[in-house]
Amino acid sequence: MDHVNDYGNNFGLRDEIKAYWSARADTFDLSPGHEIFSEDERAAWHRLVEKHLGRGEGKSALDLASGTGVISHLMDDLGYRVTGLDWSEQMLEQARAKARNRNRNISFRMGDAENTMEPEGSYDVIINRHLVWTLVDPKAAFREWLRVLKPGGRVLIVDGDFVNVSFAEKLLKNLAARLLAWGVFKPEAVHMPADMAGTHNSILSRVYFSQGARAEAVAALLREAGFESVVIDTGLRDIHKTQAKNWNFLKAAARGIQHRYAICARKPE
């Protein structure tokens, strides 16, 4: 697959991505897997972050594509000084309102995760969730993240392959959809209008990882960008187990067999 590295040539796609997530802002937090719905899940996320990044103790953290601020709040819980960057004003409005309601001192501002415009060497850690699969140019993005990290700083990526669906996952999802239609399962909150599914699939077909963001491929690009000590962690079972309580058992089972992972990497000293 050919990848275009010139941002100008990707202006249309990048605008579509921005508009898509802006349209999702009002209902984004309705979905388990986006917002956190239990203290057990919050604790599971805390354990994942502490495992790879440690506790904050006043260190600076940049949450890229911060959306409604879910991950920013987790980092704030752990004592990081958090800046959330997102290029959707609608998402930022939701994030700022949430921070005010929870009396959190988190800075949210407009910015592009692939070209942050942040000062060089200004953050101890960078974190993002479900961003990498949407990147137009991950090679340039990873070089940018390396630039804004302090020497020895770490990045933590939480993502997955949402393209390559196994036969077992398809079977579970189809059965769940049928039982939902028959009224066996309770209706779920609508976090993405049906008419946006086509937009999602269209975008997915044109981003860099259109064939699926496999952990090994992401890790290889991080090394190519100059990161070291790259670690792939597929042990997200604790998080998935707490999220599963919000779904019917078939959908929860399908979620549990997806290729989801965390990747931590370090900027050389």
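Modeller: Ala65 sits in the loop between strand E1 (60-64) and H3, where helices (H or I, at least four residues) and strands (E, at least two) are DSSP runs numbered from the N terminus. Its backbone deserves a careful look, as Ala65 has a positive phi of about 55 degrees although it is not a glycine. Most residues other than glycine have a negative phi. With a relative accessible area of 31%, Ala65 is partly exposed; on this scale buried means under 20%, exposed means over 50%, and partly exposed lies in between, with a 1.4 Å probe and protein chains only.

Before going further, please bear in mind that this is a predicted model, in which local features need pLDDT of at least 70 and side-chain atom pairs count only at pLDDT 80 or more, while totals for chains, interfaces and linings use all residues. Residues are numbered from 1 along each chain as its sequence is written, and side-chain values use heavy atoms, with hydrogens and water left out.

His130 also has a positive phi, near 55 degrees, in a residue other than glycine. This histidine belongs to the loop between strand E4 (123-129) and helix H5 (138-148), and its relative accessible area of 21% makes it partly exposed.

Tyr80 counts as buried, at 3% relative accessibility. If its neighbours within four places in sequence are set aside, Tyr80 is in contact (heavy atoms within 4.5 Å) with Leu53, Gly54, Arg55, Gly56, Lys59, Ala61, Met75 and Val125. One of these, Gly54, is 26 residues from Tyr80 in sequence, and their C-alpha atoms are 10.0 Å apart in space. A second pair that can be described in this way is Ala23 and Ser88, which are 65 residues apart in sequence and 9.2 Å apart from C-alpha to C-alpha. Ala23 is part of helix H1 and, at 48% relative accessibility, counts as partly exposed.

Turning to charged side chains, the structure holds 22 salt bridges, each defined as a side-chain nitrogen of Lys or Arg within 4 Å of a carboxyl oxygen of Asp or Glu. One of them joins the side chains of Lys98 and Asp29, at 2.9 Å from N to O. Lys98 lies in helix H4 (residues 89-101) and Asp29 in the loop between helix H1 (11-24) and helix H2 (39-53), so this pair ties together parts that are 69 residues apart in sequence. Lys98 counts as buried, with 9% relative accessibility.

Another salt bridge brings together the side chains of Asp238 and Arg47, at 3.7 Å from N to O. Here too distant parts of the chain are linked, as Asp238 lies in helix H9 (residues 237-243) and Arg47 in helix H2, 191 residues apart. Asp238 is partly exposed at 41% relative accessible area, and Arg47 is likewise partly exposed, at 46%.

Lys173 is partly exposed, with a relative accessible area of 37%, whereas Glu169, at 4%, counts as buried. Elsewhere, salt bridges that share partners join Glu39, Arg42, Asp76, Asp77 and Arg104 into one network.

Finally, the setting for all of this is a protein with 10 helices and seven strands. Of its 269 residues, 51% count as buried, and residues 24 or more positions apart account for 78% of the contacts with a separation of 6 or more. The C-alpha atoms fill a box of roughly 55 × 45 × 35 Å along the principal axes.
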